[in-house]
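This report concerns the disulfides of one structure. Please look at the sequence and the model before reading on.

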Amino acid sequence: MRWAVLIGVVLVSSACSQTVGGDPQPVPGSSPGTSAHPSSPETAFPDRIAWVRQGNPVDLGAFHSARLDGGPATDLRDDIAFTSPTGKISCITGTALKMDGFDCMVELKDPAPAPGEGFGNWFGGYVTYSGSRMTVGQFRGDPGLFIHGEGPTLPYDSTVTFGDYLCRLATTGLTCVDPTKGTGVQMSSEGVVPLGCLREVPAAEREPAVGRAYAC
């Protein structure tokens, strides 16, 4: 996805949904994806972690920058950013702002509707993940971590490790896990699926600016 437009209107309100394949309950608009992982909720997560670790390790030195629609690169210092070869998944960390975890923009085929009215623009494919909590869909009044655009392209079958997080990119999507928290998330254009102990938070208990929230 191109980020010049994102900056122009705060973040492009395009077809961004939530997606993922697996046993966890997918958000509306997604469908179970094909997976090489076992499907039993009780046993799948440890195997999912092992699968993520089996990807080709990536040197983070090449992922400490971001650029807006082909413009000059901005040094992210200790933060990292990466984008899938198709440009449909873009993720970035926010350690400079003392944020745990990372944010991703996922171009979904069938974005979930906004939970109501909110400040800014609605982005159904905006995913935040911080180990013990994950949200999908968000009203945004600013570009947030994506102010500098997107990171370099991450090759397929690569595994990125930063802090407690590991992410492996496959042609079927991006899978990220936090083994210390026992959680994870799988993202693709088909949807976003919580993994591990993450369970959906009732609407009355989640932030009003997000579409779905998950916690252990």
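The sections below describe the disulfides and the surroundings of their cysteines.

## Basis of the model

This is a predicted model, in which local features need pLDDT of at least 70, side-chain atom pairs count only at pLDDT 80 or more, and totals for chains, interfaces and linings use all residues. Residues are numbered from 1 along each chain as its sequence is written, and side-chain values use heavy atoms, with hydrogens and water left out.

## Overview

Three disulfides are found in a search of the whole structure; a disulfide is a pair of cysteine sulfur atoms within 2.5 Å. With the bonded cysteines of the protein chain numbered in sequence order, the pairing reads 1-2, 3-4, 5-6.

## C91 and C104

C91 is joined to C104, with an S to S distance of 2.0 Å. This pair links distant parts of the chain, 13 residues apart: C91 lies in strand β5 (residues 89–93) and C104 in strand β6 (residues 102–106). Strands (E, at least two residues) are DSSP runs, numbered from the N terminus. The disulfide is right-handed because the torsion about the S-S bond of C91 and C104 is about 105 degrees.

## C167 and C176

The disulfide between C167 and C176 has an S to S distance of 2.1 Å. C167 is buried, at a relative accessible area of 0% (buried means under 20%, exposed over 50%, partly exposed in between, with a 1.4 Å probe and protein chains only). C176 is also buried, at 0%.

## C197 and C216

The sulfur atoms of C197 and C216 are 1.9 Å apart. C197 is partly exposed, at 30%, whereas C216 is exposed, at 57%.

Definitions and conventions
Helices (H or I, at least four residues) and strands (E, at least two) are DSSP runs, numbered from the N terminus.
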